[in-house]
Amino acid sequence: MNPIDFIEPWFYSTAYYILFLLLSWMTVLYYIGSNNQKLLLVEGSNPMQGAALLLTIVLIFFIGLRPVSGFFGDMKMYTHWYVNVLDHYSPISFSTEWFWDNFAFFCKSLGLNANEYFLAISFLYYAGMLICALLLMRKNLWIAMLFFFVSFSCYSFATNGIRNGMACSIELVAICLLAEGGIKRPLSFVLMLLALGLHRSTMLPSAAAIASTFVIKDTKTAIRFWIASIGISLVAGPMVESFFAAMGFDDRISDYASVGQSEQSMSQFSQSGFRWDFLFYSMFPVIMTWYVTRVRKFNDRVFNVFANTYIFCNAFWIMVIRSAFSNRFAYLSWFLYPVVIAYPLLRMNLWKDQDRKTAIIFFLYSGFTLFMFFIYYFGTGNGFRGFNQYWWK
């Protein structure tokens with residue numbers, strides 16, 4: 001297949017956000033005037049489930065067939081590796097991240113070109129979200145998928161950090177099966193091993209999910225640990241960061257920490273140091289967890305597992321928050337963000353006018369993504385980066 005060539009690479013992210021924000025806010029307008037609970041009372045299948053499936057398929061091709069460009073972060077590096085390096089690659093590899101290597105070799109052996117290879121990656125990335133939504137929020141699949149698509153990190157890890165993104169999407173399905181329990185649990189452990197074979201860092205959400213399922217089931221403990229992690233980071237952040245790096249959890253910790261203040265890293269990631277803006281973004285699933293479990297007293301096993309996994313992973317990121325590229329570590333919790341926010345809104349009877357409140361929350365949720373898009377994709381401290389390329393200039 002040939003890449004999409006009717007959209008310039010520099011305009012790709014803009015097209016993505018404009019499309020999904022329009023769809024999101026049309027959905028908001030549909031629910032904002034309702035004083036009922038249509039979201040909770042929906043029965044069986046409905047046309048919007050088919051629309052959600054179609055939208056996901058279109059997005060897979062839109063992202064997967066993007067042109068090879070430096071505008072998509074490490075895409076050029078992966079293209080060079082796939083086209084040139086794999087010609088000398090052994091078909092049997094049991095390296096630390098073995099599934100990534102063997103997946104690429106499998107695509108190469110099928111004769112897929114670079115564009116088709118990225119299409120296969122895009123399929124796995126979005127398929128994980130779709131399966132998770134089907135397992136947990138099938139009746140409201142349309143809005144559930146929109147929660148995924150307009151999340152702050154969804155586009156970024158579809159086009160840059162793609163290995164991390166694909167691994168975490170597999171992890172989503174694994175946590176679903178683990179939380180639901182029964183005969184599905186053995187498959188969840190298999191999927192966790194596959195995710196680990198794509199990106200070693202997924203050992204963190206895997207361990208957190210297992211602990212949340214079998215050991216620490218109470219959200220109160222997780223929330224207290226999250227609050228404590230902020231104090232630990234402020235008081236002894238560099239020491240904790242060095243400790244995790246020495247443990248060998250992931251070589252990226254030591255690599256990113258070593259370049260934390262370099263000019264190169266600062267140009268690629270807006271700033272290092274304690275990220276109050278990212279902490280502000282990260283706290284809302286914690287607030288949702290507190291409200292659902294402590295104020296409204298819901299005790300939903302699936303939600304508790306997802307919420308505790310998010311909180312423990314996010315607490316880890318807070319303790320290494322000063323690293324350059326700490327967004328890579330934040331994603332180990334952020335990929336769960338849509339589930340922790342959407343699941344109680346679409347599955348639990350929280351308010352009498354749940355449709356309206358869900359619409360307001362979803363508007364703020366998607367609006368934050370638009371705000372961050374303008375800040376991080378356009379804005380710099382000295383003006384607007386690349387602003388003269390856009391038609392409204």
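The report below describes cavities and the residues that line them.

The model is predicted, so that local features need pLDDT of at least 70 and side-chain atom pairs count only at pLDDT 80 or more, while totals for chains, interfaces and linings use all residues. Residues are numbered from 1 along each chain as its sequence is written, and side-chain values use heavy atoms, with hydrogens and water left out.

A cavity is a set of points, on a 1 Å grid over the protein atoms alone, where a 1.4 Å probe fits but cannot get out, and its lining residues have an atom within 4 Å of a point. Grid points are joined across faces, edges and corners, and a volume is the space filled by probe spheres set on the points. By this rule there are three cavities of 30 Å³ or more.

| Cavity | Volume |
|---|---|
| Largest cavity | about 80 Å³ |
| Second largest cavity | about 50 Å³ |

The largest cavity is lined by 13 residues, and Met129, Phe148, Ser151, Tyr331 and Phe335 lie nearest its centre. Two or more of its lining residues come from each of α6 (114-137), α9 (162-180) and α17 (326-334), and α9 gives the most, with three residues. This lining has 10 nonpolar residues, three polar and no charged.

The second largest cavity is lined by Arg66, Phe118, Ile121, Ser122, Tyr125, Phe157, Ala158 and Ile162. Here α6 and α8 (154-159) are the elements that give two or more residues, with α6 giving the most, four residues. Six residues of this lining are nonpolar, one is polar and one is charged.

Conventions. On a 1 Å grid over the protein atoms alone, a cavity is a set of points where a 1.4 Å probe fits but cannot get out, and a pocket is an open set with protein on both sides within 12 Å along at least five of seven lines; lining residues have an atom within 4 Å of a point. Ala, Val, Leu, Ile, Met, Phe, Trp, Tyr, Cys and Pro count as nonpolar, Asp, Glu, Lys and Arg as charged, and the others, Gly among them, as polar.
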